Amino acid sequence: MTLAEFPGITPHLTVPDTEAAVRFYRAAFGADELVRNVAPDGRVMHCELLLDGGRLLLHDEFPESGALGPAALGGSPVTLHRYVADVDAAYAAALAAGATGTQPPADTFWGDRYAQLTDPAGHRWSLATQREDLSPDELRARADDWSGGSAPLAS
């Protein structure tokens, strides 16, 4: 593997059923499977998907090694974020593929149309389409208005 193949941060997700997760990521997000390695017991040790020009890595749960997915852990504090051309269409496609909507698409103070969902494996995702390109001062003013002045942004 090369840096060109894996620029930036590459999410590596533990899922209870890699085959089901691959079907979901294909249907919901248009992912393409690149490679899969299977352990002698049939569990997937490594699966690589191409998603939005980057890699998404998956593997089955291996409880004996401490590799558990969000459902086994009672949820996840991590949210994976994707910018998409049409957040409403992407959200609808994810729901149709089996995701659970947690925040339907809405316009936000920071200038995006934004939504959140949970995939069938329990991983949280946010989707956004940029609607406005705000300056730092405009963003700060909107954040202050939205929060009543109690949520300052870093300068």
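Start by selecting strand β3 together with β4, residues 54-60: the two run antiparallel and are joined by five bridges. Keep in mind as you look around that this is a predicted model.

Now move to the turn. β3 and β4 form a hairpin with two residues between them, and D52 in that turn has a positive phi of about 55 degrees.

β2 runs antiparallel to β3 (residues 44-51), and six bridges join them. Select V35 and look across to β3: which residue stands opposite V35? The residue there is E48. β2 and β3 also form a hairpin, this one with five residues between the strands. Click on G42 in the turn, which has a positive phi of about 95 degrees.

Now for the inside. The largest nonpolar core has 27 residues. Show the side chains of Y25, F29, L58 and W125, the residues with the most contacts inside this core. Which elements give two or more residues to the core? Colour β1 (12-15), α1 (18-29), β3, β4, α3 (87-96), β7 (112-118) and β8 (124-130) to see them. The largest share, six residues, comes from α1.

Leaving aside neighbours within four places in sequence, W125 is in contact with residues including L13, Y25, F29, L51 and L56.

Notes: Residues are numbered from 1 along each chain as its sequence is written. This is a predicted model: local features need pLDDT of at least 70, side-chain atom pairs count only at pLDDT 80 or more; totals for chains, interfaces and linings use all residues. Side-chain values use heavy atoms; hydrogens and water are left out. Two strands pair if DSSP finds at least two bridges between them. Helices (H or I, at least four residues) and strands (E, at least two) are DSSP runs, numbered from the N terminus. A nonpolar core is a set of buried Ala, Val, Leu, Ile, Met, Phe, Trp, Tyr and Cys residues joined through side-chain atoms within 4.5 Å. Buried means under 20% relative accessible area, exposed over 50%, partly exposed in between (1.4 Å probe, protein chains only). Contact means heavy atoms within 4.5 Å.
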